[in-house]
Amino acid sequence: MATLTYLTTTQFDFGALELLPKEMKNAGITKPFIATDAGLVKVGIVEKVLAAMGVDAPVFDETPGNPTEEAVKKALAQYKAAGCDGIIALGGGSSMDLGKAVGLLAASGGPLEQYDPLQGGARNIKGMTPLIAVPTTSGTGSEVSVGFVIILEDGRKMTFASPHFIPKAAICDPELTMGLPAMMTAATGMDAITHCIEAFLTPNVNPPAEGVALDGLWRGMQYLPRAVKDGSDRDARWHMMMCSTEGAFAFVKGLGAVHAMSHAAGRIRRLNPHHGTLNAVFLPEVLRFNESVCEEKYVRLRQAMGLEPGADIAQAIADLNAQIGIPSGLAEMGIVESDIAEMVEYSLKDLAARGNPRKASAEDFEAMIRASM
Ligand SMILES: [Fe+2]
């Protein structure tokens with residue numbers, strides 16, 4: 001039996017931001033609260049969004065690179081004090097995820113830990129504040145996804161997942177990504193490509209999601225090098241935003257070992273490593289690890305990636321990483337030998353590990369991490 005749910009309203013094109021007031025009305029938001037980060041205030045995007053909304057709104061701009069429970073609580077206090085009735089989650093994955101966490105706590109109460117899906121926490125959800133997501137990067141897909149990720153106060157990096165967390169609407173305006181620097185374009189783009197690949201490979205039955213994943217993967221492979229090389233390439237920005245949105249449409253199916261290890265490594269606070277960069281670095285080794293159980297799917301991956309029959313997919317990703325300036329491995333990102341044991345431990349526990357097509361043991365995770373150093 002397959003249960004298929006697709007998913008929310010997405011307004012997608014250059015100029016989509018103009019539809020924000022209409023979507024706020026549809027969502028019943030009259031007193032919006034903006035969850036974002038300081039960088040987007042600085043470059044004028046928050047001002048642009050406020051102008052498009054046509055109403056003033058309190059702005060929380062302290063979202064950290066990997067959002068924390070502490071930051072969620074601070075934003076929640078501001079949200080409540082201002083008497084808001086909805087959230088505009090504006091930014092990359094961090095701001096959108098923080099916005100979702102604030103929306104959950106505002107409607108269902110704290111602490112966040114009680115909603116851990118690995119402990120059946122979804123049953124504790126009483127409701128969700130109306131939320132509209134406005135992405136400013138092309139990677140996470142959080143604007144249409146069922147999930148969000150927060151580092152809890154005890155140091156755990158927890159993935160929360162429920163249909164409640166799908167935004168009421170997504171405003172995908174590639175104009176908002178035009179100023180994204182090359183390195184961020186590359187890292188976030190590799191997150192989107194990883195979503196498409198892991199969602200396609202996870203064995204849960206959802207062929208429509210697989211079709212979307214392969215379409216997103218085709219766009220990512222074609223257009224990410226162009227978007228990195230020339231950030232003003234409007235076609236490339238459009239297709240990368242579509243790749244990102246499709247990646248998250250697809251990962252309603254699940255993810256895999258790349259994300260398990262990225263979540264584990266993302267907890268290393270002294271480094272605060274970028275999620276997309278981590279995915280890019282882990283992806284070739286996971287593709288090698290999974291190959292023996294995915295032969296038929298690898299044929300279709302090669303087609304979507306524009307590779308010759310029988311081509312080495314892992315090497316193609318490694319080559320793409322090199323072309324777009326992704327670090328050569330974990331060591332270059334600052335990860336050291338003494339980080340490995342804890343990374344293995346958290347990889348095993350992470351929700352995404354359950355979706356990998358080939359079950360990975362502690363020894364397997366350790367070998368993949370070492371090979372990715
Ligand atoms: Fe991701």
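These legends describe close-up views of a predicted model.

**View 1. The annotated region covering residues 185–373.** The unreviewed UniProt entry gives "domain: Fe-containing alcohol dehydrogenase-like C-terminal" for these residues. Helix makes up 67% of the chain over 185–373, and strand 0%. The end C-alpha atoms are separated by 23 Å.

**View 2. Domain 1 against domain 2.** The domain assignment places domain 1 at 2–176 and domain 2 at 179–371. Their C-alpha centres lie 23 Å apart. Contact involves 36 residues of domain 1 and 35 residues of domain 2. Together the two domains bury about 3,000 Å², with 62% of that area on carbon and sulfur atoms. On the domain 1 side, Tyr6, Phe12 and Ser138 lose the most area to domain 2. These three account together for 21% of what that side buries.

**View 3. Polar and charged links across the interface.** One salt bridge is counted between domain 1 and domain 2. The side chains of Arg234 and Glu175 form a salt bridge, at 3.0 Å from N to O. Eleven residue pairs are in polar contact across the interface.

**View 4. The face of domain 1 that touches domain 2.** Strands β1 (9–12), β6 (147–151) and β7 (157–161) each give two or more residues to this side. The largest share, three residues, comes from β7. By class, this side holds 17 nonpolar, 13 polar and six charged residues.

Terms used:
Residues numbered from 1 in each chain as written. Predicted model: local features only at pLDDT ≥ 70, side-chain atom pairs only at ≥ 80, totals over all residues. Heavy atoms only, no water. UniProt positions renumbered as here; feature names shortened; annotations may be inferred. Helix = DSSP H or I, 4+ residues; strand = E, 2+ residues; numbered from the N terminus. Domains from an automatic or database assignment. Contact = heavy atoms within 4.5 Å. Buried area = accessible area lost by both parts, 1.4 Å probe. Salt bridge = Lys/Arg side-chain N within 4 Å of Asp/Glu carboxyl O. Polar contact = N/O pair within 3.5 Å; in protein donor to acceptor, adjacent residues only side chain to side chain. Nonpolar A, V, L, I, M, F, W, Y, C, P; charged D, E, K, R; others polar.
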